[in-house]
Amino acid sequence: MNRTIELVKTIYEIKQLEDVDEPQIALAGRSNVGKSSLVNRLAGRKSLAKISSKPGKTRSLNYYRVQPDGYFLVDLPGYGYAKCSKQERLKWAKLIEAYMKNNQRLKAVAVLLDARLSPQKIDLELTAYVRGLGIPVIPVLTKADKPKQRELAKLQKQWQDILQQDQAPVLFSSKTGKGEEKLWNRFGEHTGV
Ligand code: GTP
Ligand code: MG
């Protein structure tokens, strides 16, 4: 299917948050895990979302409209970025929390996990938090072009056991396009398109 993705809204502060009628899928994960690169890959554009080799690039909530499906992908600021001030980190955490809480239209959170790392405490905390709100988690192993297939399979199994899900995490690479169709399908399952 030919889809288009366009940036329609950027939010920096809690007071700018307003209810959005369209269903949403949020993209969450540690800083530098590849959230913005994933948006660009799905959009088929190199620089729709700003990416950087330095963590802490995305500092706002970015709403991307997916057409013709009609839902939003919401790129969230990364967490676990040590180099910015504690005050700033707290501000982002609060913004993400305010966005997720009481958002009836948030259908799932795609939690991006670095395929080169074993499950990290901070990622476990995020998945637990999201599920605690009653929101489904779609685990996505990013940078899947890097590790060996055997390592990937092992990590998939680990996450599947942790999350107790029937489906294995999506193996995704922004570099090669691996997992793109699978991810669209997973989004579709939650947004009903
Ligand atoms: P923040 O905005 O800081 O939260 O980071 P982010 O999660 O948006 O990460 P971003 O997309 O900016 O990518 C971070 C770095 O990882 C960049 O140098 C990307 O080129 C690299 N990267 C992202 N996805 C992939 C991938 O699938 N494969 C490889 N090899 N590198 C990737
Ligand atoms: Mg980013």
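This report walks through the nonpolar cores, a pocket and the aromatic pairs of a predicted model.

## How to read the model

Residues are numbered from 1 along each chain as its sequence is written, and chains are lettered from A and ligands numbered from 1 in the order in which they are written. Because the model is predicted, local features need pLDDT of at least 70, side-chain atom pairs count only at pLDDT 80 or more, and totals for chains, interfaces and linings use all residues, while side-chain values use heavy atoms, with hydrogens and water left out.

Let's start inside. The largest nonpolar core has 30 residues. Such a core is a set of buried Ala, Val, Leu, Ile, Met, Phe, Trp, Tyr and Cys residues joined through side-chain atoms within 4.5 Å; buried means under 20% relative accessible area, with a 1.4 Å probe and protein chains only. Among the residues with the most contacts inside this core are L61, Y63 and Y99. Elements that each supply at least two of its residues include β3 (61-67), α2 (86-100) and β5 (106-114); helices (H or I, at least four residues) and strands (E, at least two) are DSSP runs, numbered from the N terminus.

A second, separate core has 24 residues, including L38, A43, Y64 and F172.

## Y63 and its aromatic partners

Leaving aside neighbours within four places in sequence, Y63 is in contact (heavy atoms within 4.5 Å) with residues including L7, L17, F72 and Y99.

How many aromatic pairs does a search of the whole structure find? There are three. Rings of Phe, Tyr and Trp (its six-membered ring) pair if their centres lie within 6.5 Å; planes under 30 degrees apart count as stacked, over 60 as edge-to-face and the rest as tilted. Y63 and F72 form an edge-to-face pair, 6.1 Å centre to centre with 85° between the planes. Both Y63 and F72 are buried, and together with Y99 they form one aromatic cluster.

## A pair within one helix

W184 and F187 are also edge-to-face, at 6.2 Å centre to centre and 90° between the planes. They both lie in helix α5 (residues 180-191), three residues apart, about one turn of the helix. W184 and F187 are both buried.

## The second largest pocket

About 380 Å³ of space lies in this pocket. Of its 15 lining residues, Y79, A93, I96, I122 and L126 are the closest to the centre. Helix α2 gives the most to the lining, with five residues.

Notes
Buried < 20%, exposed > 50% of the residue type's maximum accessible area, 1.4 Å probe, protein only. 1 Å grid on protein atoms, 1.4 Å probe; cavity = no way out; pocket = protein on both sides within 12 Å on 5 of 7 lines; lining within 4 Å. Points joined across faces, edges and corners; volume = space filled by probe spheres on them.
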